[in-house]
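Please take a moment to turn the model around before reading on.

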Amino acid sequence: MNAPRVGGSFAVWGGLFSTFDCTMVYVRQKEDPWNSIIAGAATGGFLQMRQGLGAASRSALFGGVLLALIEGAGIMLNKVMSAQQNFPPMEEQMPNMASVPGYPMGQLPSQAPVTMGGLGDGSSSSSWFGGLFGGGKQETGMSSGSKTEVLESFDSPSPPTFEYK
């Protein structure tokens, strides 16, 4: 029976908090934890303005402290999760798979190379379909390794920063 009232109160609180938070980002021109702390205090004070100045200031103080605790916990969690952990390197040998350069799919390093013929034309190709979709074009000078190509480059700092500019 209380669900509509509780849901409505939470929606009003969330809407006011978001409004104050976005306003602080716009006014201060930076995105940091202080915006959320100030927005929490402003939301708490704004919602209790009808009860008087004392109740509004206590609610603003409580809202600011609550958001400071939440932001502090988020910062601590980020530091713990981003701390470099000194695990010993894994010395496990990976089995030969299709993505390993130099060996066709299903071929082990100790096996002789398998050649696959084309579709009746006697030509060999590196694909299973024997050049069916290649249009008869043969590539020359191919090495058994893989070729790396850079498709796009982004001018972003390393490591990436998520600061509002």
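Let us begin with leucine 67, which, leaving aside its neighbours within four places in sequence, is in contact with Trp13, Phe17, Ser36, Ile37 and Gly40; contact here means heavy atoms within 4.5 Å. Leucine 67 has its place in helix α3, and with a relative accessible area of 7% it is buried. Buried means under 20% relative accessible area, exposed means over 50%, and partly exposed covers what lies in between, with a 1.4 Å probe and protein chains only. The C-alpha atom of leucine 67 is separated by 8.5 Å from that of alanine 39, although the two residues are 28 apart along the chain.

Before going further, a word on the source: this is a predicted model, in which local features need pLDDT of at least 70 and side-chain atom pairs count only at pLDDT 80 or more, while totals for chains, interfaces and linings use all residues. Residues are numbered from 1 along each chain as its sequence is written, and side-chain values use heavy atoms, with hydrogens and water left out.

Now step back to the whole chain. Its secondary structure comes to 3 helices and 0 strands, and along the sequence the pattern reads α-α-α. Helices (H or I, at least four residues) and strands (E, at least two) are DSSP runs, numbered from the N terminus. Of the 165 residues of the chain, 15% count as buried. The chain exposes about 14,100 Å², and carbon and sulfur atoms supply 63% of it; accessible areas come from the Shrake-Rupley method with a 1.4 Å probe, and for residues only the protein chains shown count as cover. Among contacts between residues at least 6 apart in sequence, 36% join residues at least 24 apart.

Next, the aromatic rings. Rings of Phe, Tyr and Trp (its six-membered ring) pair if their centres lie within 6.5 Å; planes under 30 degrees apart count as stacked, over 60 as edge-to-face and the rest as tilted. By this rule the count comes to 2 aromatic pairs. One of them joins tryptophan 13 and phenylalanine 17 in a stacked arrangement, 5.3 Å centre to centre with 5° between the planes. Both of these residues lie in helix α1, 4 residues apart, about one turn of the helix. Tryptophan 13 is partly exposed at a relative accessible area of 30%, whereas phenylalanine 17 is buried at 15%. Phenylalanine 20 and phenylalanine 46 also form an aromatic pair, this one edge-to-face, with 6.1 Å centre to centre and 70° between the planes. Phenylalanine 20 lies in helix α1 and phenylalanine 46 in helix α2 (residues 33-47), so this pair ties together parts that are 26 residues apart in sequence. Phenylalanine 20 is partly exposed, with a relative accessible area of 23%, and phenylalanine 46 is partly exposed as well, at 42%.

Phenylalanine 46 leads us to the surface, where Val12, Trp13, Phe46, Leu47 and Met49 form a nonpolar patch with about 450 Å² of accessible area together. The elements that give two or more residues to this patch are α1 and α2. Patches are made of residues with over 30% relative accessible area and no salt bridge; like charges are joined within 9 Å, and nonpolar side chains (Val, Leu, Ile, Met, Phe, Trp, Tyr) within 5 Å. Methionine 49 sits in the loop between α2 and α3 (53-82) and is exposed, with a relative accessible area of 52%.

What about charges? A salt bridge is a side-chain nitrogen of Lys or Arg within 4 Å of a carboxyl oxygen of Asp or Glu, and by this rule the count comes to 1. Aspartate 32 forms it with arginine 28, the closest N and O atoms being 2.7 Å apart. Aspartate 32 counts as buried at 19% relative accessibility, while arginine 28 is partly exposed at 28%.

Aspartate 21, in helix α1 (residues 3-28), is buried yet has no salt bridge: arginine 28, the nearest side chain of opposite charge, is 8.0 Å away. For charge, Lys and Arg count as positive and Asp and Glu as negative, with His and the chain ends not counted. Leaving aside neighbours within four places in sequence, aspartate 21 is in contact with Asn35, Ser36 and Ala39.

Finally, look at glutamine 29, in the loop between α1 and α2. Its phi is near 60°, a positive value in a residue other than glycine, and at 43% relative accessibility glutamine 29 counts as partly exposed.
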